[in-house]
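Trainee: Please show me the model. I will then ask about it piece by piece.
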Amino acid sequence: MKQRIRIVLFLILVFLGIAYLYHERPEIFEDLRPSPYALDIVYASDMHYLSQQLTDNGERFQEFSLSKGPKVMVYIDEIMEAFCDRMEKEQPDLVILGGDLTFFAEYLSHLDLIEKLERIEDAGIPVIVIPGNHDVGYYEARSYSDEDGFERTEEADPEDFRELYDRFGPESALSVCDDSFSYLYEVNEELAVLSIDANAQEEEDRISEETLSWAEEALELAEEEDRTVIAVLHEPLFVHDGDDEALSVTDRAEELQELFSEYGVQTVFSGHLHYQSRREEDGITEYVTSSLAIYPHYYGQIRYDRGRVSYRYTRLNVSEWAAEQGLENEDLLHFDEYSRGVTRKWWEQR
Ligand SMILES: [Fe+2]
């Protein structure tokens, strides 16, 4: 009898262990309470948009895109449409796109994405961006067709990027760096966003000396004006979850950490890792937002309320959007299932 009880207890423990390993992680880091003083900011990252003029979404393209990760590239246009629609409904005070805006820096993808961003702006919501490592031509930009194969297409270079996106941040900023796509953006009289670019420069993944000294001047300016500053980067400031530091952390991370500590920057937002994470070190909290293109299609919701910054993340509901549009595509109407399937396939192929 005792033996049987032991076996049952053992099985219960095994079950609880498995349930713990596979449980869904909570979707909220911090609860956002309703407040009449709150400023709501959406932070979305790594959408990796590809112009629909550059792909037939055929089998060869699907195979290729899966070899690059579990991004749902076949429906990337629909994902962005659903996101724009969501922003129009949610009406945040600001939308920040945290880099890796495009698949492989295709000039056409930037142009088509900008058209979508204009839709958000037309709804009265300002949009600012930072470049990621996929946004200027360090990779090969191509068009994809089952019939014609893969062909090279024009890539955006750092200068193109600055020209294309000038109005998404720098144009109306309090201070702009001459050497990179870095700027200090005024959200309101209390809050500013310090955007640091490590990608739209001549050298890949580098933060120049000029950018670093500009950042210090910008923080001095913010201090003089008594502003709270939140910083945004594409590559994270800290190592998360035992990642390879060389691949996952921004250039000059230690110098930036010192600078942020000196000027009281307590909150940093980044992307690049394609998973959600939070890490706190020396009074700085970094929130990493996952990729909008990858299951479960999270985006971040930042709230600033009288000096306090909080963050949570939520799912982009593509199937709800598809139903509202009256679409009949089953993949889109059951998007969670479809998108989870893409991630599963990617895991199996790794
Ligand atoms: Fe990315």
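Mentor: First, a definition: a residue is buried if 20 or more other C-beta atoms lie within 10 Å of its own, exposed if 12 or fewer, and partly exposed in between, with C-beta atoms placed from the backbone. The model is predicted, so local features need pLDDT of at least 70 and side-chain atom pairs pLDDT 80 or more, while totals for chains, interfaces and linings use all residues. Residues are numbered from 1 along each chain as its sequence is written.

Trainee: What is phi of Gln91 near?
Mentor: Most residues other than glycine have a negative phi. Gln91 is not glycine, yet its phi is positive, near 50°.

Trainee: Which way does Arg252 go, buried or exposed?
Mentor: Arg252 is in the loop between α7 (245-248) and α8 (253-262). Its phi is positive too, near 55°. It has 20 C-beta neighbours inside 10 Å, so Arg252 counts as buried.

Trainee: At what angle do helix α3 and helix α4 pack?
Mentor: Take α3 as residues 76-90 and α4 as residues 107-122. Axes are lines fitted to C-alpha atoms over the stretch in contact, and angles run from 0 to 180 degrees between N-to-C directions. The axes are 9 Å apart, and the angle is about 15°.

Trainee: What does that make α3 relative to α4?
Mentor: Angles under 35 degrees count as roughly parallel, over 145 as roughly antiparallel, 65 to 115 as roughly perpendicular and the rest as oblique. That makes the relation of α3 to α4 roughly parallel.

Trainee: Is the crossing of α3 and α4 left-handed or right-handed?
Mentor: Look at how the near helix is turned from the far one, by less than a right angle: anticlockwise is left-handed, clockwise is right-handed. The crossing of α3 and α4 is right-handed.

Trainee: Which residues of α4 make the contact?
Mentor: Two residues are in contact if their C-beta atoms, placed from the backbone, lie within 7 Å. From α3 come Met80, Cys84 and Met87. From α4 come Lys116, Arg119 and Ile120.

Trainee: Where is Ile120, buried or exposed?
Mentor: Ile120 sits in helix α4. Leaving aside neighbours within four places in sequence, its contacts are Cys84, Met87, Val95, Ile125 and Val127. With 21 other C-beta atoms within 10 Å, Ile120 is buried.

Trainee: How far apart are the C-alpha atoms of Ile294 and Lys71?
Mentor: Ile294 lies in the loop between β12 and β13. It is buried, with 22 other C-beta atoms within 10 Å. Beyond four places in sequence, its contacts are Pro70, Lys71, His274 and Thr343. Ile294 and Lys71 are 223 residues apart along the chain, but their C-alpha atoms are separated by 4.7 Å.

Trainee: What is omega near in the peptide bond from Tyr295 to Pro296?
Mentor: Pro296 is in the loop between β12 (284-288) and β13 (298-305). Most peptide bonds are trans. The one from Tyr295 to Pro296 is cis, with omega near 5°.

Conventions
Helices (H or I, at least four residues) and strands (E, at least two) are DSSP runs, numbered from the N terminus.
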